[in-house]
Amino acid sequence: MLDYLEGNLDPLLTADLMAFLAENPEFEKYLPDYDSSLSLSDTHEYAQKNELKRGFADLPEITSGNFDEFCIAACEGLLDEKDINRLSDFIAQHSDKQHDFDLYRKVKLQPDTDLQYTGKALLKKNHRPLPLRYLYYAMGLAASITLLLMLVFRKPAESNFTVTLPVNSSQSENSVPQTEPLPAPIRRSRDATPAPLKELEPKVIAASNAVSLTPLQPISDVQIPSPINPPRITDHLVSAARNNQEQNPSRPYSSDSFANTYLGSLLRRVNFWKTAETAITGFNYLTESQLSVGRTTDDSGKLTGLLIEMESYSITGNKIK
Amino acid sequence: MTVAEYNKSVDDHSDGVYRFILKNLKNEEKARDVVQDTYEKLWLKVEEISAEKVKSYLFTTAYHTMIDMIRKEKRLTGFEAEKHDRPTQAGHYTGLSQILEKAVAKLPADQRSVIMLRDYEGYSYEEIAAITGLTESQVKVYIFRGRMFLKNYIGSIEAVI
């Protein structure tokens, strides 16, 4: 092709090339004088094709040569009334053709209705299940929204102290002990500021009553109303925060903001160490191994050392002070 | 197409598809495989195919699956599909039906398929052309040639009898 395009191709080879292109027109596009409008593709059709076609009506007469075709067309239902009459007349004139026509009427196949497919129940579908991935999407979306809500919304403020009043003898045994709300919680934060002091106004004594008045005692102490009233300490006084700290000594107390959320409170209730021990038990059961994990803690419950043991080795680690 | 329409197509057309394939392949097990493959393909496209076109889709798919199976067997064995396997439910055929069965089995595959689609299912020439991938003129020619062969076969049998 390059030689042809450069004009260096031998005439005999040029003729071979042209013959090749005639048989493979898809390569004509590489020729510089290629005209796509002249290329013949498979989509080109002769527009007047139907005008060239002929029907049975175009046959001037029925002969022995086209008798079979007429019979088949009659059995197929392709003949109009005029051609059917012509065929009937031909058969009437040639009685030996009646047998052939009858044979053509017999060769139409009849469906064997006794032959049935017995596996229909297996083909049927009960329902169209949703693609499994949609279920994963929905679960992931629900879990994400739940975690987000638990992280955003905070639990209602809890009082730091719960007080249960001692039950009086006059009360029935089944009565619920009454609890009264605390006047004001003791603020452990440093943001508490005392209320401004109130100064007592000097008492004005009328002159007419001066004789009967007794001398005023000097005011030695300024009465400062305390905005904070310490709660009554009873035997039932419980520190909620102290209990929480004792129950989960190993857990570091998280920040107030996260701990006050639903998610934070949920995580506080989870004992991760027990969860890990349970997981290790299951692992040992499935793998028939003897993995064990141990820990050492200090007096405050903080983790100070870790021990991992297997059948053939053990790993210990101590917290770097 | 809904699931209900799909299940209805199983009831309406599975027999016809099975019959058509069995008459062509002469093998019950292979015919069952073709029917199952056909309906599995339909199920994969159940949302794309309407209930009105399901019959033509089934026969088209079954026909092409059958052709693929025949070609594969030809490559493996070098012969045409075995014709000595007879359907197991042969006891109900009459004399003429048995003769026609033998005659149809001797037809070329293309002629056999178009005649079966024409007579068993009542498809038009255009529909048969769509199913088999032939032109309408080719379908007419195959049917004419097939009918002529069957007529001559029956005539020869009668002449012998």
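User: By class, how many nonpolar, polar and charged residues does the lining of the second largest cavity have?

Analyst: In this predicted model, the second largest cavity is lined by A:Leu109, B:Lys23, B:Lys26, B:Leu100, B:Glu101, B:Val104, B:Met116 and B:Tyr120. The space inside this cavity comes to about 30 Å³. Sorted by class, its lining has 5 nonpolar, no polar and 3 charged residues.

User: Which element gives the largest share of the lining of the second largest cavity?

Analyst: The structure holds 2 cavities of 30 Å³ or more. The largest share is 3 residues, and it comes from α4(B).

User: What pattern does chain B follow, read along the sequence?

Analyst: Chain B has 161 residues, of which 50% count as buried. Among its contacts with a separation of 6 or more, 67% join residues 24 or more positions apart. The chain contains 7 helices and 0 strands. Along the sequence, the pattern is therefore α-α-α-α-α-α-α.

User: Which element gives the largest share of the largest nonpolar core?

Analyst: This core has 55 residues, and B:Tyr6, B:Ile21, B:Tyr39 and B:Leu42 have the most contacts inside it. Two or more residues each come from α1 (3-25), α2 (28-44), α3 (54-77), α4, α5, α6 and α7 (136-160) of chain B. The largest share, 10 residues, belongs to α3(B).

User: Which residues of chain A is B:Tyr6 in contact with, leaving aside its neighbours within four places in sequence?

Analyst: B:Tyr6 is one of the residues with the most contacts inside the largest nonpolar core. With neighbours within four places set aside, its contacts in chain B are B:Met1, B:Tyr39, B:Leu42, B:Trp43 and B:Val46. Those in chain A are A:Leu123, A:Lys124 and A:Lys125.

User: Where do the buried residues of α6(B) lie around the axis?

Analyst: Helix α6(B), residues 125-132, has B:Tyr125, B:Ile128, B:Ala129, B:Ile131 and B:Thr132 buried. Because they cover an arc of only 165° around the axis, they lie on the same side of α6(B).

User: How does A:Cys75 count at 31% relative accessibility: buried, exposed or partly exposed?

Analyst: A:Cys75 lies in helix α4 (residues 67-76) of chain A. Buried would need under 20% and exposed over 50%. Its relative accessibility is 31%, so A:Cys75 counts as partly exposed.

User: What separates the C-alpha atoms of A:Cys75 and A:Lys108?

Analyst: Beyond its neighbours within four places in sequence, A:Cys75 is in contact with A:Tyr104 and A:Arg105. A:Lys108 is 33 residues from A:Cys75 along the chain. The C-alpha atoms of this pair are separated by 8.3 Å.

User: Which element gives the most to the lining of the second largest pocket?

Analyst: About 500 Å³ of space lies in this pocket. It is lined by 15 residues, and A:Arg54, A:Phe56, A:Glu69, B:Lys140 and B:Phe144 are the closest to its centre. By class, the lining has 6 nonpolar, 3 polar and 6 charged residues. The element that gives the most, with 7 residues, is α7(B).

Technical notes: Residues are numbered from 1 along each chain as its sequence is written. Chains are lettered from A and ligands numbered from 1 in the order in which they are written. This is a predicted model: local features need pLDDT of at least 70, side-chain atom pairs count only at pLDDT 80 or more; totals for chains, interfaces and linings use all residues. Side-chain values use heavy atoms; hydrogens and water are left out. On a 1 Å grid over the protein atoms alone, a cavity is a set of points where a 1.4 Å probe fits but cannot get out, and a pocket is an open set with protein on both sides within 12 Å along at least five of seven lines; lining residues have an atom within 4 Å of a point. Grid points are joined across faces, edges and corners, and a volume is the space filled by probe spheres set on the points. Helices (H or I, at least four residues) and strands (E, at least two) are DSSP runs, numbered from the N terminus. Ala, Val, Leu, Ile, Met, Phe, Trp, Tyr, Cys and Pro count as nonpolar, Asp, Glu, Lys and Arg as charged, and the others, Gly among them, as polar. Buried means under 20% relative accessible area, exposed over 50%, partly exposed in between (1.4 Å probe, protein chains only). The arc is that of the directions from the helix axis to the C-beta atoms. A nonpolar core is a set of buried Ala, Val, Leu, Ile, Met, Phe, Trp, Tyr and Cys residues joined through side-chain atoms within 4.5 Å. Contact means heavy atoms within 4.5 Å.
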